Amino acid sequence: MTRANARELAVHLIYACAFTGDEPETVIAGRLNKEYYKLLSSENPVYEDRPSHVQRAYIDNVVLGVANRVEELNAFIGKYAIDWDISRISRLTRTV
């Protein structure tokens, strides 16, 4: 897995947290489960290779970091989203 794929996987996981409302640890454990991960590999090439221990630590750090600072990040986005309420911005756009 490349670093770019690890970043993309982190974005997928952050979006899944926003979409489901599940805790990031639950989403990470579920999505990176070997059986489920294998199913995803047939749908998206980013899932072809499993992350190494270093990449897994990076992914965990990014996903948990965003989850722990979501209010701060939303406030930052809201500050620059002139004439837009944060609730009008799609989950996908906020995730990216």
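I began with a definition: a charge sits over a ring if NZ of Lys or CZ of Arg is within 6 Å of the ring centre and within 35 degrees of the ring normal.

**Entry 1: the model.** I noted that this is a predicted model, where local features need pLDDT of at least 70, side-chain atom pairs count only at pLDDT 80 or more, and totals for chains, interfaces and linings use all residues. Residues are numbered from 1 along each chain as its sequence is written, and side-chain values use heavy atoms, with hydrogens and water left out.

**Entry 2: charges over rings.** I looked up Trp84. The charged end of Arg88 sits over its ring, 4.0 Å from the centre. Then I turned to Tyr37. Arg50 lies over the face of Tyr37, at 4.9 Å from the ring centre.

**Entry 3: salt bridges.** Side chains of opposite charge can pair when their charged atoms come close. I used this rule: a side-chain nitrogen of Lys or Arg lies within 4 Å of a carboxyl oxygen of Asp or Glu. I found two salt bridges. Arg56 joins Asp60, with the closest N and O atoms 3.0 Å apart. Both residues lie in helix H4 (residues 53-68), four residues apart, about one turn of the helix. Helices here are DSSP runs (H or I, at least four residues), numbered from the N terminus. Arg69 meets Glu72 in a salt bridge at 2.7 Å, N to O.

Entry 4: Which label does Arg56 get, buried, partly exposed or exposed? My cut-offs were under 20% relative accessible area for buried, over 50% for exposed, and partly exposed in between (1.4 Å probe, protein chains only). Arg56 has 31% relative accessibility, so it counts as partly exposed. Arg69 is partly exposed at 47%, and Glu72 is partly exposed at 45%.

**Entry 5: the largest pocket.** I took a pocket as an open set of points on a 1 Å grid over the protein atoms alone, where a 1.4 Å probe fits, with protein on both sides within 12 Å along at least five of seven lines; lining residues have an atom within 4 Å of a point. Its volume is the space filled by probe spheres set on the points, which are joined across faces, edges and corners. The largest pocket holds about 420 Å³ of space. Of its 18 lining residues, Ile14, Ala18, Val66, Val70 and Thr95 are the closest to its centre. H1 (3-20), H4, H5 (70-80) and H6 (91-95) each give two or more residues to the lining. H5 gives the largest share, four residues.

**Entry 6: Thr2.** I found Thr2 in the segment before H1. Thr2 and Gln55 are 53 residues apart in sequence and 8.5 Å apart in space, C-alpha to C-alpha.
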